[in-house]
Every structure is written in C-alpha cells, then in structure tokens.
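Below are my notes on the model, as numbered points. Please read them alongside the coordinates.

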Amino acid sequence: MTHTEQDVAYVAFRMIQPHEQMWGMDFPKDYTVLGTMKERTMQAGNAVTPPAARDLVACMADTLTAA
C-alpha cells in the first residue's frame with residue numbers, strides 16, 4: 001500500500017493532558033495544579049515524582065544521621 005501526502009494529513013494524535021502527565025508521575029488523581037493548561041503542563045514537567053522525592057529525602061536523612 002502506498003501512502004500519499006493526503007494520508008499523512010489525516011493522521012491524528014492526541015496530546016497528553018496535564019492531569020495525565022501528573023498521573024504518569026504517580027501524583028494522586030485528586031492532586032490539584034492551578035493555572036492555564038500551559039502553566040499546568042510546565043509545572044508537571046518541572047515536578048519531581050513523589051516516590052523519587054521520598055527516596056532522595058530518605059537517602060539524605062540516612063547520610064546525615066550516619067555522620
């Protein structure tokens with residue numbers, strides 16, 4: 001099957017919404033981020049996932065208490 005430029009024009013994709021980005025980063029589904037869609041997307045992109053933040057803090061606490 002050959003594809004034409006018109007075929008490519010009809011290909012559609014869906015952008016991930018800010019709340020889906022947050023879910024993918026393991027934030028609770030009821031976690032609220034305020035702002036416009038652009039601002040919420042930026043906030044999600046700059047976020048540290050809760051499990052990563054928890055693990056980093058635990059490592060730092062272990063290091064500080066071991067000294």
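1. Of the 67 residues of the protein, 9% count as buried, where buried means under 20% relative accessible area, exposed over 50% and partly exposed in between, with a 1.4 Å probe and protein chains only. The accessible surface comes to about 6,000 Å², and carbon and sulfur atoms hold 63% of that surface. These areas come from the Shrake-Rupley method with a 1.4 Å probe; for residues, only the protein chains shown count as cover.

2. The model is predicted, so local features need pLDDT of at least 70 and side-chain atom pairs count only at pLDDT 80 or more, while totals for chains, interfaces and linings use all residues. Residues are numbered from 1 along each chain as its sequence is written, and side-chain values use heavy atoms, with hydrogens and water left out.

3. The protein has four helices and zero strands, and its elements run α-α-α-α from the N terminus on. Both kinds of element are DSSP runs numbered from the N terminus: helices are H or I with at least four residues, strands are E with at least two.

4. Which residues make up the largest nonpolar core? Met-22, Met-25, Phe-27, Val-33 and Ala-44 do, five residues in total. A nonpolar core is here a set of buried Ala, Val, Leu, Ile, Met, Phe, Trp, Tyr and Cys residues joined through side-chain atoms within 4.5 Å.

5. Leaving aside residues up to four places away in sequence, Met-25 touches Ala-44, Ala-47, Val-48, Thr-49, Pro-50 and Pro-51. Contact means heavy atoms within 4.5 Å.

6. Phe-27 is found in the loop between H2 and H3 and counts as buried at 11% relative accessibility. With residues up to four places away in sequence not counted, Phe-27 touches Met-22, Ala-47, Val-48, Thr-49 and Pro-50. Phe-27 and Val-48 are 21 residues apart along the chain, and their C-alpha atoms are separated by 9.6 Å.

7. The count of aromatic pairs comes to one. The rings of Phe-27 and Tyr-31 have their centres 4.9 Å apart and their planes at 55°, so the pair is tilted. Rings of Phe, Tyr and Trp (its six-membered ring) pair if their centres lie within 6.5 Å; planes under 30 degrees apart count as stacked, over 60 as edge-to-face and the rest as tilted. Tyr-31 is partly exposed at 47% relative accessibility.

8. Asp-26 lies in the loop between helix H2 (18-24) and helix H3 (37-46). Its phi is positive, about 75°, although Asp-26 is not a glycine; please look at the backbone there.

9. Pro-51 is in helix H4 (residues 50-66) and is partly exposed, with a relative accessible area of 23%. Pro-51 touches Met-25 and Asp-26, not counting residues up to four places away in sequence.

10. Lys-29 lies over the face of Trp-23, at 3.9 Å from the ring centre. The rule asks for NZ of Lys or CZ of Arg within 6 Å of the ring centre and within 35 degrees of the ring normal.

11. How many salt bridges are there? The count comes to one: the side chains of Arg-54 and Asp-55 meet at 3.0 Å, N to O. The cut-off is a side-chain nitrogen of Lys or Arg within 4 Å of a carboxyl oxygen of Asp or Glu. Arg-54 is exposed at 53% relative accessible area, and Asp-55 is partly exposed at 40%.
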